Amino acid sequence: MDFNNNQAYTFSKDPHSFSNPNLANVHHVDWDLKVDFDQKKISGSGVYHIRHQQAPEIVLDVHHLRIIGAWLDDEEQPEEFTFTGEKPFLGQGLQIPLKPGTQKIRLAFETTPASGALQWLEPEQTAGKTEPFLFTQSQAILAKTWLPCQDSPSVRFTYTARVQVPPHLLPLMSAENPQEQNSSGAYFFRMDQPIPSYLLSLAVGDLAFAPLGERCGVYAEPSSLEAAAYEFAETEQMLLAAENLYGPYRWGRYDLLVLPPSFPFGGMENPKLTFATPTIIAGDRSLTSLVAHELAHSWSGNLVTNATWNDFWLNEGFTVYFERRIMEALYGQDYAQMLHWLGYQDLRHTLEELSAKPQDTFLQLNLENRDPDEGLTEIAYEKGNLFLCRLESLVGRSGFDAFVNEYFSTFQFTSMDTARFEQFLEKELINGDEELKQKVNASAWIHSPGIPEGIAPQKARLFEKVAAELQRWESRTPAHQLATENWSTHEWLYFLSNLPKNLNLIQMQELDEAFGFTASGNAEIQAEWLKHSIWHGYKEAYPALEAFLVRVGRRKFLLPLYKALLETEEGTGLAGEIYRKARPNYHSVSTSSLDALLLQTP
């Protein structure tokens with residue numbers, strides 16, 4: 001079985017793309033873009049360099065894009081183009097006829113108000129309150145809402161981009177980036193490593209840069225740059241730890257961009273430039289495992305990429321495992337064990353939520369005719385991680401590390417589907433050992449629901465101490481007498497997530513007075529506390545709840561809090577009131593889920 005000849009492997013049709021890259025595919029694009037804040041529009045053109053075997057046409061994906069014209073090679077006469085029928089959340093296929101020798105096509109296009117990848121923010125929605133801001137979120141299939149592309153993770157291409165923005169703003173992309181503004185507002189970007197479309201990104205705002213080491217730095221609005229630079233000061237050490245584990249970093253620089261609070265995710269692993277939520281700036285570097293996660297994606301996801309969104313676990317399971325190995329290298333085994341145990345708790349909760357949909361708890365999913373965002377659950381992340389931890393426990397850490405290193409080096413800058421991973425696992429790790437094959441039981445993990453019998457992470461020693469303090473409190477020791485000095489965020493989260501289900505308001509008030517949960521500056525701790533406040537009717541926290549939901553757009557926090565509100569009649573009314581105020585601050589990735597949840601349309 002020749003794994004080194006990746007060109008010979010043919011992936012099955014991507015259910016989330018109209019393109020047929022096996023017949024004709026894009027391998028490089030040169031874009032010329034203008035960002036217009038007044039009209040809230042990106043317009044421009046792209047020269048798409050293509051490969052094909054005498055294909056009659058090439059098909060690109062578009063959704064809520066206006067296509068102005070198409071030209072073949074250097075011809076001046078525009079080419080006729082057609083569209084497929086439109087499908088919900090998939091958009092349309094843009095069909096462009098080809099001639100036998102066609103090597104490139106040029107497209108002129110512009111975005112529309114419905115382009116879901118884009119969030120245009122008014123000055124008052126930013127940290128500095130003086131300048132507007134734009135950012136994109138292309139994952140999973142939103143790249144086609146701001147650029148025509150073959151919007152499948154199985155298609156990789158290099159690119160350049162000339163971008164014109166207002167002169168007082170700085171644009172950044174998933175590419176080689178400037179570190180300061182120029183007077184013209186014209187910038188040139190280059191990405192020499194081939195990437196899939198979901199890793200295309202653009203942000204434009206009043207941004208400044210601070211170095212964090214030789215290869216790392218952080219961009220943020222000037223008012224928050226100092227705090228961001230402090231929070232992410234250990235990024236270069238994370239990068240070195242990652243390289244020590246799984247080989248050289250192949251993307252040149254690793255920089256971070258702190259976005260406004262409306263960003264819908266904790267982070268987005270855009271190559272060379274991770275997008276990060278400001279909710280991880282806690283002042284004590286306690287939430288930087290998210291940086292380790294996005295950095296790990298530089299190998300698992302960006303270097304070796306899931307071929308379709310049915311294979312999403314190959315991106316996220318490997319990344320969670322790798323993230324925790326980085327954190328263990330930097331902060332020790334006790335720290336990593338806490339992360340594994342919290343992740344396991346989240347996985348158990350997700351399995352309960354999905355009990356009526358057992359097929360959605362397989363690692364390999366079937367998302368055909370569904371929005372791929374439905375696969376964004378802890379199954380891909382935590383069940384995937386648990387499977388890899390199981391492999392490590394069976395063959396030993398050094399043996400498993402050798403396997404992972406071989407995986408990354410063999411498939412670098414290519415895509416990977418679950419079937420091919422299973423073949424690689426069989427040949428390179430199991431290698432004919434029937435007893436090991438039975439113990440691995442890959443099919444039970446990948447193609448069956450839930451978690452195989454007898455599987456759980458190691459106990460976290462530090463959580464046993466937290467559990468002892470929680471028991472003391474339940475036995476009437478006053479909260480302010482508990483031994484909580486120097487607890488990390490993870491210990492507090494374990495404490496909060498294991499509080500009794502039947503707390504009364506006096507107990508809630510005691511905890512809040514002792515530990516200041518309602519006013520916490522740590523978004524993870526505050527969000528966990530606010531869930532308890534909803535469940536137990538602790539109305540002293542409701543103003544903070546509303547302020548949090550209006551300010552923060554991170555989907556991880558929004559969905560649980562709104563769901564908790566919807567569990568009671570009074571909460572349902574409050575959820576509707578808050579959502580009407582908050583919705584303009586949210587990205588479409590969040591509103592697409594919340595609109596359905598709250599049974600209302602904008």
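A nonpolar core is a set of buried Ala, Val, Leu, Ile, Met, Phe, Trp, Tyr and Cys residues joined through side-chain atoms within 4.5 Å. Buried means under 20% relative accessible area, with a 1.4 Å probe and protein chains only. This is a predicted model: local features need pLDDT of at least 70, side-chain atom pairs count only at pLDDT 80 or more, and totals for chains, interfaces and linings use all residues. Residues are numbered from 1 along each chain as its sequence is written, and side-chain values use heavy atoms, without hydrogens or water.

**View 1. The largest nonpolar core.** The core holds 198 residues. Trp31, Trp146, Tyr159, Phe387 and Tyr562 touch the most other members.

**View 2. The surroundings of Phe387.** Contact means heavy atoms within 4.5 Å. Neighbours within four places in sequence are left aside. Phe387 then contacts Trp313, Leu363, Phe421, Leu425, Val440, Ala442, Trp445 and Ile446.

**View 3. An open sheet of 6 strands.** Strands are DSSP runs (E, at least two residues), numbered from the N terminus. Two strands pair if DSSP finds at least two bridges between them. The order is β4-β7-β2-β1-β10-β12, with mixed pairing. β4 (65–72) and β12 (186–195) are the edge strands, and each pairs on one side only.

**View 4. Strand β7 and its partners β4 and β2.** In β7 (residues 104–111), 6 of the 8 residues are buried, so the strand is largely enclosed by the rest of the structure. β2 (residues 41–52) runs antiparallel to β7, joined by 7 bridges. Val47 has Arg106 as its bridge partner in β7. β4 and β7 also run antiparallel, with 7 bridges. Here Arg66 is the bridge partner of Glu110.

**View 5. Parallel strands β1 and β10.** 7 bridges join β1 (residues 24–36) to β10 (residues 157–164). His28 has Thr158 as its bridge partner in β10.

Technical notes: Buried means under 20% relative accessible area, exposed over 50%, partly exposed in between (1.4 Å probe, protein chains only). Helices (H or I, at least four residues) and strands (E, at least two) are DSSP runs, numbered from the N terminus.
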